[in-house]
Amino acid sequence: MHDYMKALYHRFETPSEQTTTLEKAANKTHRQLANRLKKPEKKMLLRLVDLEAALRDQACLNSFMSGYRLAQGIQQELLADLPPYNFEDEDERQACQRMWEG
């Protein structure tokens with residue numbers, strides 16, 4: 001299911017112009033920083049960049065999956081034979097039940 005949701009996410013992903021601009025600025029800054037660092041620090045920077053990208057991708061995928069599950073739940077509730085739960089109806093039912101019980 002995770003792979004299916006990942007494929008759906010990439011199919012419907014529509015990055016904004018602002019996101020693209022920010023990613024370009026971040027990549028430029030990473031390159032400039034990498035050029036000024038020595039080899040051990042460059043390795044750490046690359047690991048940090050990879051972890052950042054993986055974390056961002058996972059957060060986006062989780063957000064997409066949550067939205068999909070919400071939409072699916074709403075669809076199931078709209079297609080259900082029973083009307084959605086109503087607190088007012090439940091209060092009325094309980095009041096009637098107490099009245100009949102005396």
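Colleague: Quick one to start: does Glu92 count as buried or exposed?

Modeller: Glu92 counts as exposed, at 52% relative accessibility, where exposed means over 50% relative accessible area, buried means under 20% and partly exposed lies in between, with a 1.4 Å probe and protein chains only. Keep in mind that this is a predicted model, in which local features need pLDDT of at least 70 and side-chain atom pairs count only at pLDDT 80 or more, while totals for chains, interfaces and linings use all residues. Residues are numbered from 1 along each chain as its sequence is written, and side-chain values use heavy atoms, with hydrogens and water left out.

Colleague: OK, and where is the place of Glu92?

Modeller: Glu92 sits in helix H4, residues 87-101; helices are DSSP runs of H or I with at least four residues, strands are runs of E with at least two, and both are numbered from the N terminus.

Colleague: Switching topic, how many salt bridges does the count come to?

Modeller: The count comes to one salt bridge, taking a side-chain nitrogen of Lys or Arg within 4 Å of a carboxyl oxygen of Asp or Glu. The side chains of Glu52 and Arg56 meet in it, at 4.0 Å from N to O. Those two residues are four apart in helix H3, so about one helical turn separates them.

Colleague: What relative accessible area does Glu52 have, and what about Arg56?

Modeller: Glu52 is partly exposed at 36%, and Arg56 is partly exposed at 37%.

Colleague: Now the inside: which residues make up the largest nonpolar core?

Modeller: That core has five residues, namely Met5, Leu8, Tyr9, Leu61 and Met65, and a core here is a set of buried Ala, Val, Leu, Ile, Met, Phe, Trp, Tyr and Cys residues joined through side-chain atoms within 4.5 Å. Helix H1 (2-12) and helix H3 (39-79) each give two or more residues to this core, and H1 gives the most, with three.
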